Amino acid sequence: MTIRLARRTLLTGTAAATFAPAMAVHAGLAQPATGPFGALDLVVAARAPTTPTGLTLSPVGRMFLFMPRFDEKTVFTASEVFPDGRVEPYPSEAANRPDPARPAETLFHVPNGVFDRTNRLWLLDAGLMASSGEPVPNAAKLVCIDPATNAIVRTIPLQSVVTQTSSLNDLRVDLRPGREAAYITDQGQTGEGALIAVDLASGRAVRRLVGHASTRSVNGILKIVEGRVLLKREADGTASPIKGGANGIALSPDGARLYYTPLMSRRLYAVETAALLDADKDDAAVAATVKDLGEKGLTGGLIADSRDRIYLSLQEFNGIGRREPDGRIEVLATDPRLIWPDTFWITGDGWLYLSSAQANRRPEHNGGTDRQEPPYAIFRMRIDAGPA
């Protein structure tokens, strides 16, 4: 594997001025993102109430953030972001009030959402009421929303494919002739992950690669973020390793391959989507199509562009990387403002967006002290490609 370091992005003008020495964001609307290829621009400082891990944009530029319900302080889990930094519940405040008596109609724990080719918004609801614990019965689901009316138009239950220790994490939706599918990662609360494939035409969901090395958290991984080893740290001073199975995913431009990686793993994998969806194939047959694509660093979110290049949220380096189809990896930018870079989105006019989630500053990693510094930065960078 060859790694090439691109020039370091310089902070200039308004974007640099909006950060205090601790690198927190202190402005709502930030520097217009009009830079050249490779320049990292601060688009908006989102006044989200807590950790925004998920990010997507509509074709007309509406921005949506998703905040998993890690604890009771998460007052809403799906939101829309406005240019002045306001963050409001989406599609409504009422929909964001989790109700175990109405699990299919309310949102519990949404780690991410994506737009499909028909410009409808899909939300992944893991059905959790906290970062750990069994998913609420019948609360795990896919929710499809028409942004023109902000109305929920379809709900697909995922109860049949979640376990008592599931933690659904990321989502990709593929609509093309002959294949309407969604792909989901389950990182697992114990690190035993899986992939989930959903036939959107029928609503049939299957759980794949359970116990496979490519979906499982790797023991002994040392992850350093903002100069500190990432651990689960209790208030009494005890600490334990972080576990995280299948986490980030990306879909190839032709829809034939799903790229994925565990949260606690340095390796990137690919599997054939046809095998994931084929009801006649058992897990061994699916596993036979898995390819180990080599090292790529420790990452959260992934995304592929129209040239089949995979973007990497390099959390140890506060940076953005990119893997070429031949395996070469380039570091596109490093920036201290990228605190736990997480979810990417690519727009049709060639912008790569990225959320800065600050997840390493959450209380569970800091002895019960919340070190997050809202608002949360959203960046974008010009790239020479469109979405996959």
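Ile-249 stands opposite Tyr-260 in strand S20. Here a strand is a DSSP run of type E with at least two residues, a helix is a run of type H or I with at least four, and both are numbered from the N terminus. This is a predicted model, in which local features need pLDDT of at least 70 and side-chain atom pairs count only at pLDDT 80 or more, while totals for chains, interfaces and linings use all residues. Residues are numbered from 1 along each chain as its sequence is written, and side-chain values use heavy atoms, with hydrogens and water left out.

**The chain as a whole**

The protein chain holds three helices and 29 strands. Its radius of gyration is 19 Å, close to the 21 Å that the globule rule gives for 388 residues, so the chain is as compact as a globular protein of that length. The radius is taken over C-alpha atoms, and the globule rule is 2.2 Å times the number of residues to the power 0.38. Along the principal axes, the C-alpha trace spans about 55 × 50 × 50 Å.

Of the 388 residues, 59% count as buried. Buried means under 20% relative accessible area, exposed means over 50%, and partly exposed lies in between, with a 1.4 Å probe and protein chains only. The accessible surface of the chain comes to about 15,100 Å², and 52% of it belongs to carbon and sulfur atoms. Such areas come from the Shrake-Rupley method with a 1.4 Å probe; for residues, only the protein chains shown count as cover.

A contact means heavy atoms within 4.5 Å. Among contacts between residues at least 6 apart in sequence, 54% join residues at least 24 apart.

Confidence is given as pLDDT, the predictor's confidence in each residue, from 0 to 100. The mean pLDDT of the chain is 91, and 90% of its residues reach 70 or more. Over residues 1-34 pLDDT stays under 50, and for this stretch the model has 82 contacts beyond four places in sequence.

Two strands pair if DSSP finds at least two bridges between them. Strand S19 (residues 246-251) is mostly covered, as six of its six residues are buried. S19 and S20 form a hairpin with five residues between them, and Gly-255 in the turn has a positive phi of about 75°. A hairpin of four residues then joins S20 to S21. Tyr-260 stands opposite Tyr-269 in S21. In S22, the bridge partner of Leu-268 is Gly-294.

| Strand | Partner strand | Bridges |
|---|---|---|
| S19 | S20 (residues 257-262) | five |
| S20 | S21 (residues 267-272) | four |
| S21 | S22 (residues 291-295) | four |
| S3 | S4 (residues 63-66) | four |
| S7 | S8 (residues 121-125) | four |

**Two open sheets**

Axes here are lines fitted to C-alpha atoms, for helices over the stretch in contact, and angles run from 0 to 180 degrees between N-to-C directions. Leu-55 stands opposite Leu-65 in S4.

Another open sheet of four strands has the order S7-S8-S9-S10, again with antiparallel pairing. Its edge strands are S7 (112-115) and S10 (151-157), and each pairs on one side only. The twist averages 20° from one strand to the next. Asn-112 has Leu-124 in S8 as its bridge partner.

In a regular strand the side chains alternate between the two faces of the sheet.

**Two buried residues**

Asp-342 is found in strand S27 (residues 341-346). Its relative accessibility is 11%, so Asp-342 counts as buried. Leu-354 is twelve residues away from Asp-342 in sequence and 6.8 Å away in space, C-alpha to C-alpha. Leaving aside neighbours within four places in sequence, Asp-342 is in contact with residues including Thr-53, Gly-300, Ser-313 and Leu-354.

Ala-385 lies in the segment after strand S29 (376-382). Ala-385 also counts as buried, because its relative accessibility is 11%. Beyond its neighbours within four places in sequence, Ala-385 has contacts with Asp-305, Ser-306, Arg-307, Arg-309, Ile-346 and Gly-350. Ala-385 and Val-114 are 271 residues apart in sequence and 19 Å apart in space, C-alpha to C-alpha.
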